[in-house]
Amino acid sequence: MGKQFGQKRGLKGRKMPHKFDRNKRLKKTQHVEEKLVRSPSPSSSEDAFSEESGGGVTEEVIYKEPSVYDNLLMKLGRSSESVADAYKMRQRQEEGRSDSEEDEVDGFEPASVLEQEDDDSDEGTDNEPGSHAIEGTLQEPGTVGSEEQNEDAETDSDCEASDTNEEHGLGVNGQSSLKALAHASSFNEHFGYKLSKEEVDNLSKKKGKYKWEVPAVDMSNCKWMGTGECFLQEVNPYPHYGLKPKLYDHWLDIYKTSGGNDFHSSKQISFFSLCNSYRDILHSNKKPFYLKGLEEDSNVMDSYLMHSLNHIFRTRDLVTKNDAKVAKNKESAEEDLLTGDVFLDRGFTRPKVLLLLPLRSIALNVVKRLIRLTPNAYKVNVEHFDRFCDEFGAGEEEEEDNNDKSESNHGTGKSNSQKSKPSDFQLLFGGNKDDDFAIGIKFTRKSIKLYNDFYSSDVIVASPINLLAKIGKTEKNKELDVDYLSSIEVLIIDHADVISMQNWSFLTSVVEQLNCIPSKQHGTDVMRIRQWYLDGYAKFYRQTIVLSYYPNPDINAFFNHHCANYQGKVKLACEYKGVLPKVLLNVRQIYERFNADSIADVDDARLEYFTKKVFPKIKDSVQGGIMLFISSYFEFVRLRNFLKSQNASFCLLGDYTEPSDISRARVWFFEGKRKMMLYTERAHFYHRYKIRGIQNLIIYSLPERKEFYPEIVNMLEGSHNMTCTVLFSLFDMLRLERIVGSGPAKRMVKSEKGVFVFC
């Protein structure tokens, strides 16, 4: 995928479809053409326009359906004479008429266009608070949103040498010249490339294959795999690794201050170079801070935050420089806006970076680090920082309230003693663990504004559950919208494994709302929107970075089906050693394999195997103390319903069990009043209970988090028979290899034998 695009990027772009073609040359003819012929071939279209009609030929007008861009111009034209004139000029250009012919056809409009205007006239204006709706005009710096533009504007002394026209790659018709290419950045190469219809069709089919492998630096038994051309072993062609000089110098100073001595070979630069390629990335072996991975977690976070800052500042530089050019040369600039793509520098709305995080405490660390990595010249003032620290780093009393709210959302009860929990639990949930938050961040010339309105923000930091709630409100109230998600160009999902413990479907629902055509204008200068936004190709330009402690089917499916970057994809593949040595007791661990024809049949096959092979052995047990550990809540419900149908003696400790019921169930199980207990992985994730009275452990489905396996098995301490039974299939390979090791797991799923014993 990357190969077919990489060879021609920046050198020559295809002609845009006729629907939104802004580069069509002005063709002046003596007469109106006989017919307006639609043709997929630009050459045939030009031939049609070049035909001269003979004397006395009757003029025939063929209706052309107005495009999205035409409709936008018509809406703006009703409130601005300049835009109305611009729309007429565009019509003349597309119809091949000269200015002198205007009087001949003035006042003529297709009936459908008039009907469209009548329909639009009934629409209300965008008066939603915070939406910054402005009357549509051909915007000029200083006339619309002057306060905001003054904040963002840079003086000539503030502009760096790297931000020249050559760096932005502006040549004839917006195409990069060979000289400019030498000074180009990956930002300009990526967003300046024009996708053809054929390339879009190929991307929509999701046929990218991983063609190359490169060993991962400082990660044993791991390798990067990618589509398209391999770029990781090449020398970085960009000065300062593609960073703006001020960002580079500031990052280097921070690195040296922290004690680093080899910045060029550091993990930060290594991962930043990967991010700066603007490819989709799946890093599924990032050791989190709460599992003794503070250094690795911080290095990766620094890299993606610097990439985000670099993207924001390069976007702002391009816009402000074009604003200055338009202001200096108003007449020629207006013509270029209509006929060329030199000034196409923005999307539908301002926010360009979206950070999805699971907890407020994690968001607190990320935003603090974002501020720390911002050069001092850009953060003379950080607005509402104290409020941010109060709300995202709540005190004990406030935190308890947040915990009650969060735990009620998860259906879990509050722990009586945090100190008795494992260290990783205390680090992850020791701060504010509220999972409902969103904050907009705006960067001006000398300040950072927290709690900024989303529509005028550069970065949005939010949890999936919060954004999903906002999306749900728009479905009920048509006056509301989430159009601020329409122009996201960099999507970063950190701690995806924790999000999957919350509800992964929330995240996929949010991502499906990204890069959609907005329902309102929101004060955007439509004459400067990039062509691929108008064509609906924005999702093919969006970079998605997914960071997780481990891979699972949900994360892999998301990366395969919701990430369609035309540059290609890069993902990490690892070999695992397993965690069986962490089982401290002499437990006989029996792994029983069941067969399933497909991933769709695996749940039914698992339940059938349990009911026919496992349950008959335990249903008449007199001893009791049988714990069934289940990874998925849906499996938990099916197993609960089956045990009810068999009138079995059991108690529940699940995702949505009330705190009082949890305490009662633990007592009943320990005292033998209930022979079985159903315990879910998600309940263990949010509570880390130590269950007493276990005599026989049956792992109905392996846990996603490998560290939970030895924790659960070690709960057999005090048991008389020390036996653990594990059910697995071929489709549990990802979880299986993290627990028993990659080598044994491959043999277990391929072996003719179906039972394996570890002692």
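Modeller: This is a predicted model. Let us start with the hairpin of β1 and β2, which has 6 residues between its strands. Within that hairpin, D218 takes a positive phi near 60°.

Biologist: Why is the pair of W212 and F231 called edge-to-face?

Modeller: Ring centres must lie within 6.5 Å, and planes over 60 degrees apart count as edge-to-face. For W212 and F231 the centres are 6.0 Å apart and the planes stand at 85°, so the pair is edge-to-face. W212 belongs to strand β1, whereas F231 lies in the loop between β2 and α12, 19 residues apart. Both W212 and F231 are buried.

Biologist: How do you know that F429 and F685 also form an edge-to-face pair?

Modeller: The centres of F429 and F685 are 5.4 Å apart and their planes are at 75°, so the pair is edge-to-face. This pair links helix α19, which holds F429, to helix α27, which holds F685, across 256 residues. F429 and F685 are both buried. The structure holds 41 aromatic pairs, and ring pairs link F187, F191, Y193, Y278, F348, W532, Y533, Y541 and Y566 into a cluster.

Biologist: What makes R316 a charge that lies over the face of Y378?

Modeller: The distance limit is 6 Å from the ring centre, and the charge must also be within 35 degrees of the ring normal. R316 is at 5.4 Å from the ring centre of Y378 and lies over its face. K421 likewise lies over the face of F425, at 6.0 Å from the ring centre.

Biologist: Why are β1 and β5 called edge strands?

Modeller: The open sheet has 11 strands in the order β1-β2-β11-β3-β10-β9-β4-β8-β6-β7-β5, with mixed pairing. β1 and β5 each pair on one side only, and they are its edge strands. Neighbouring strands of this sheet are turned by 15° against each other on average, direction ignored. Within the sheet, β6 and β8 run antiparallel and are joined by 4 bridges, with I441 standing opposite V459 in β8. Helix α23 lies across β1, β3, β9, β10 and β11, and runs at about 170° to β3.

Biologist: How do you know that strand β15 is largely enclosed?

Modeller: A residue is buried if its relative accessible area is under 20%. In β15, 5 of the 5 residues are buried, so the strand is largely enclosed by the rest of the structure. M676, L678 and T680 point one way and M677 and Y679 the other way, and all are buried.

Key. Residues numbered from 1 in each chain as written. Predicted model: local features only at pLDDT ≥ 70, side-chain atom pairs only at ≥ 80, totals over all residues. Heavy atoms only, no water. Buried < 20%, exposed > 50% of the residue type's maximum accessible area, 1.4 Å probe, protein only. Helix = DSSP H or I, 4+ residues; strand = E, 2+ residues; numbered from the N terminus. Phe/Tyr/Trp six-rings, centres within 6.5 Å; stacked < 30°, edge-to-face > 60°. Pairing = 2+ DSSP bridges. Axes fitted to C-alpha atoms, helices over the stretch in contact; angles between N-to-C directions. Contact = heavy atoms within 4.5 Å.
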